[in-house]
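Dear colleague,

I am handing over the structure below, followed by notes on what was found in it. Please read the notes with the structure open beside them.

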Amino acid sequence: MVAGTVLTAGGAYAQPSPTPGGHSAGQGEDDNSQGDQGSQGDQSGKQGDQGGKQGDHGKGKPRTGESPSAGPTRRAEPPAATPGGSGSPLAHPVPATGAVLATAENGPEAAVPTAQGLQQALAPALADKNLGTVTIAVADAAGGQLLYGSGENTAATPASTTKLATTVAALSLIPGDTRLTTRVVRGADPGTVTLVGGGDPTLTALPADQVQIGGQPAGADTAPASLEALARQTATALKAAGTTTVKLDYDLSMYAGNPQHRTNPDNHNIALVVPLMVDEAKVDPKSREDAPERVADPADAAAEAFARLLAAQGVTVEGRAKPAAAPAAADAPVLGKVDSPTMARLVERTLTTSDNQLAEAIARQVALAVHQPASFEGAATAVTQELAKLGVPMTGVVLNDGSGLHTGNAIPPAVLVRLLALAASEQHPALRPVLTGLPVAGFTGTLDKRYGSGSGAADAAGLIRAKTGTLSNVNTLAGTVVDADGRLLVFAVMTRTSALADTARAAMDRIAAHLAACGCH
């Protein structure tokens, strides 16, 4: 059992939680799909990673279909599989069960690569001029021993590999089976009901059969909470009390501070970060654009959508919804509530699809868990403090957000590999979804269109799981690789270059492919 922090209206308390299974969120869209794109954020033209006041967590309510995720194996023709328990075949199959979790959990038996062997194997790929300024760290996943580095302690712009820091801190503090709850309660004023934002940006107004995650139908354990279900519960409770007409307000008191991301003001990479929204505040909730248009006021749009759904259930909302004058009372009668997928699944979705909106929501849960303000600043402080407690060397680390869109973030490659080694450690099983959420090279998420024929890295498809990151002139890749001897390694490559992003990313992919191809003794 893993002790974690659960947030309630009264504060935080320790609660045991079963170790979460690693269930992949499924095939993601191109880099930029859910995030990592835009004027300053993860782009290459659109060429980037595409893709209470206390936390209101639903606790200990596992959904059906949760099972351990498959890691990649060395297999030229991997058998078909389905992501996220959806039962829907992928455009190309996910690699079969094995290496990542088996190696991490059962202990390595293969020989450890040497620094000289790694240097010789990587030298040709590292010499590629398209990389510009490049720093790298390679470590053994078992124990985190640094095996090779070049500028490994030099802080560089991490872009979306920042999400590794956010998610490691989150799962260290918050039980993996925690859910984010959106509630409707009796309002303070007579005849008013209050929609209470619970910090779940994945809450959806779409019918269940139209919900997709990373371009694939959601499964039983990855499907988001339904606004329609919340309206149905609320209407049933109101009509049972003889009420068919109400006023509606909404409570945003969970979060604090300025909701606008400082370096991404265009509301495309990320909407205002507020605790109430539906479908990540996309104007078109089914959009798969690199940088989808977002609504200007996510909370108001969510409340109006809820009012329409109440009307469909026979309850009339008088006038427009408005912000609540005060936070909902802790003992206010609950008329309805819906829960997000578990934190473990939310972490996986964040990493697989590089979801900026969800990463910022998770960062705020980290802040709430340690009683920091749920703001950009409070979240950055909370993540920094928790990583330090985990023994991560924080020299040179600067965090300004949870998503990596901020151009002022700084993380050395050695810190990224330390985070990955922690996620693989037997001492930290609660962190395992950080590994299982990493995109699989050539198959899922922001790596699904990389490691293909002609890339010079195709032989490594399925052998690498890694988080991508792209900002203007910045490209990063950090993840796990199974070498030729079957040893699980963790690596981080960080570049700053004027080369086209696609060209720089391909050069980084070849570095990882060299790791997969060698025993490096």
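This is a predicted model: local features need pLDDT of at least 70, side-chain atom pairs count only at pLDDT 80 or more; totals for chains, interfaces and linings use all residues.

**Helix pairs and charges over rings**

Residues are numbered from 1 along each chain as its sequence is written, and side-chain values use heavy atoms, with hydrogens and water left out.

The axes of α4 (residues 227-240) and α5 (residues 298-312) come within 9 Å and cross at roughly 55°; axes are lines fitted to C-alpha atoms, for helices over the stretch in contact, with angles running from 0 to 180 degrees between N-to-C directions. Helices here are DSSP runs (H or I, at least four residues), numbered from the N terminus. The crossing of α4 and α5 is right-handed, meaning that the near helix is turned clockwise from the far one by less than a right angle. In contact (heavy atoms within 4.5 Å) are L227, E228, L230, A231, T234 and A235 of α4 with A302, A305, F306, L309 and L310 of α5. These residues comprise nine nonpolar, one polar and one charged, where Ala, Val, Leu, Ile, Met, Phe, Trp, Tyr, Cys and Pro count as nonpolar, Asp, Glu, Lys and Arg as charged, and the others, Gly among them, as polar.

In a second pair, the axes of α2 (residues 115-126) and α11 (residues 501-517) come within 9 Å and cross at roughly 155°, so the two helices are roughly antiparallel. Their contact involves L118, A121, L122, A125 and L126 of α2 and R510, I511, H514 and L515 of α11, of which seven are nonpolar, one polar and one charged.

For α3 (residues 162-173) and α6 (residues 343-353), the axes come within 10 Å and cross at roughly 175°, which means that α3 is roughly antiparallel to α6. Here K163, L164, T167 and L171 of α3 meet M343, A344, V347, T350 and L351 of α6.

Finally, the charged end of R364 sits over the ring of Y255, at 5.7 Å from its centre, and R364 also lies over the face of F376, at 4.2 Å from the ring centre. A charge sits over a ring if NZ of Lys or CZ of Arg is within 6 Å of the ring centre and within 35 degrees of the ring normal.

Technical notes:
Angles under 35 degrees count as roughly parallel, over 145 as roughly antiparallel, 65 to 115 as roughly perpendicular and the rest as oblique.
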